[in-house]
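Please open the model in your viewer and keep the sequence panel beside it, since this tour moves by selecting residues and helices in turn.

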Amino acid sequence: MKLWAALSQAVAGWMMILRGEPDWRERFSLTAPGLVTALIIFGFVAFLAVAVASMSIGMPSFGGVLTAMFVLALPVTSLVVTFLGTRMLLKTAAPIYAVLVPGIHALTAFLITEGLLAMIGGPVVMLSWLALAYLLFALTRAATGWTIGVSAGFAVLTVVLLVAMRVALYMLSTQAGSSI
């Protein structure tokens with residue numbers, strides 16, 4: 001599948017999800033190759049984010065790029081862990097690809113939006129978190145049929161886990177609390 005076609009279909013699919021149209025699944029490739037395509041698009045956007053962020057200081061080393069991309073990929077980890085955990089707790093057979101493929105496309109848009117809002121100022125970034133939570137809520141309502149409460153809990157937990165992982169990495173990377 002061509003990446004540009006996958007991206008335009010994802011945008012159309014997300015518009016259908018947000019409008020509550022039932023045929024949104026036809027816009028996504030809800031298969032393993034579709035998941036790989038979504039991850040490739042996310043990885044490309046993450047790489048571009050690292051390149052843009054380092055324009056004023058110079059491109060970091062290969063290890064630095066990989067580290068930055070790892071941190072930028074935390075939303076994907078958050079989505080997968082929260083979805084599989086919720087699915088396991090509910091003992092349901094919610095479709096994995098129907099949540100992960102559109103979810104990763106939403107995370108790609110989140111990565112772009114969060115980066116742009118971060119240039120404005122710190123607290124404004126929370127708007128991207130709220131938007132992500134709403135998108136995840138709408139997705140799980142459409143894809144899984146979970147109740148409003150479960151879908152809202154899933155969306156909030158995903159965003160909280162994302163923020164908590166970033167804060168934990170920040171705390172591990174600082175010298176705070178060091179005796180030196």
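How much space lies in the largest pocket? In this predicted model, the space in the largest pocket comes to about 520 Å³.

Begin by selecting A49, V50, A53, L72 and G115, which, among the 22 residues that line the largest pocket, lie nearest its centre. Next, colour the helices α2 (32-53), α3 (62-72) and α5 (96-120), each of which supplies at least two residues of that lining. If you keep one of these helices highlighted, let it be α5, from which the largest share of the lining of the largest pocket comes, namely seven residues.

Now move on to the second largest pocket, whose volume is about 350 Å³. Here, select L7, V11, H105, T108 and A109, the closest to the centre of the second largest pocket out of the 17 residues that line it. To see which elements surround this second site, display α1 (3-19), α2 and α5, the elements that give two or more residues to its lining.

Which element gives the largest share of the lining of the second largest pocket? That share, eight residues, comes from α1.

Methods. Residues numbered from 1 in each chain as written. Predicted model: local features only at pLDDT ≥ 70, side-chain atom pairs only at ≥ 80, totals over all residues. Heavy atoms only, no water. 1 Å grid on protein atoms, 1.4 Å probe; cavity = no way out; pocket = protein on both sides within 12 Å on 5 of 7 lines; lining within 4 Å. Points joined across faces, edges and corners; volume = space filled by probe spheres on them. Helix = DSSP H or I, 4+ residues; strand = E, 2+ residues; numbered from the N terminus.
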